[in-house]
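Here's a quick briefing to read with the sequence and the 3D view side by side. Take a look at the structure, then go through the points below.

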Amino acid sequence: MQNTSPSPAPGSMGKQGVALEISSDKAAFYRCSFLGYQDTLYNRYGHHYFKDFRIKGNIDFIFGDGQS
């Protein structure tokens, strides 16, 4: 999965685009990738499992209160 929205201007607030938000319990991801510029993966809440997985971003690319 890739977020192709343009990168925000330096100093912008609230302009980032999340590639994926996970808001569930016991989600699993296997052999995939999440690509984005800023805030790529929003791990909101729950327990999540990632195997053979790639997450790529530049600024705060993994964030949230979930356990992974």
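What follows covers the ground rules, a sheet and some aromatic rings.

**Ground rules**
- This is a predicted model, so to speak of local features a pLDDT of at least 70 is needed, side-chain atom pairs count only at pLDDT 80 or more, and totals for chains, interfaces and linings use all residues.
- Residues are numbered from 1 along each chain as its sequence is written, and side-chain values use heavy atoms, with hydrogens and water left out.

**The sheet**
- Strands here are DSSP runs of E with at least two residues, numbered from the N terminus, and two of them pair if DSSP finds at least two bridges between them.
- You'll find an open sheet of 3 strands, ordered E1-E3-E5, with parallel pairing.
- E1 (20-23) and E5 (62-63) sit at the edges with a single partner strand each, so one side of each has no neighbour in the sheet.
- Strand E3 (residues 41-45) is joined to E5 by 2 bridges, and Tyr42 stands opposite Phe63 in E5.

**The aromatic rings**
- Rings of Phe, Tyr and Trp (its six-membered ring) pair if their centres lie within 6.5 Å; planes under 30 degrees apart are stacked, over 60 edge-to-face, and the rest tilted.
- That rule gives 6 aromatic pairs.
- Phe29 and Phe34 are edge-to-face, because their ring centres are 5.6 Å apart and their planes at 75 degrees.
- Phe29 and Phe50 are stacked, at 5.3 Å centre to centre and 10 degrees between the planes.
- Phe29 is in strand E2 (residues 27-35) and Phe50 in strand E4 (residues 48-56), so this pair ties together parts 21 residues apart in sequence.
- Phe29, Phe34, Phe50 and Phe53 form one aromatic cluster.

Definitions and conventions:
Helix = DSSP H or I, 4+ residues; strand = E, 2+ residues; numbered from the N terminus.
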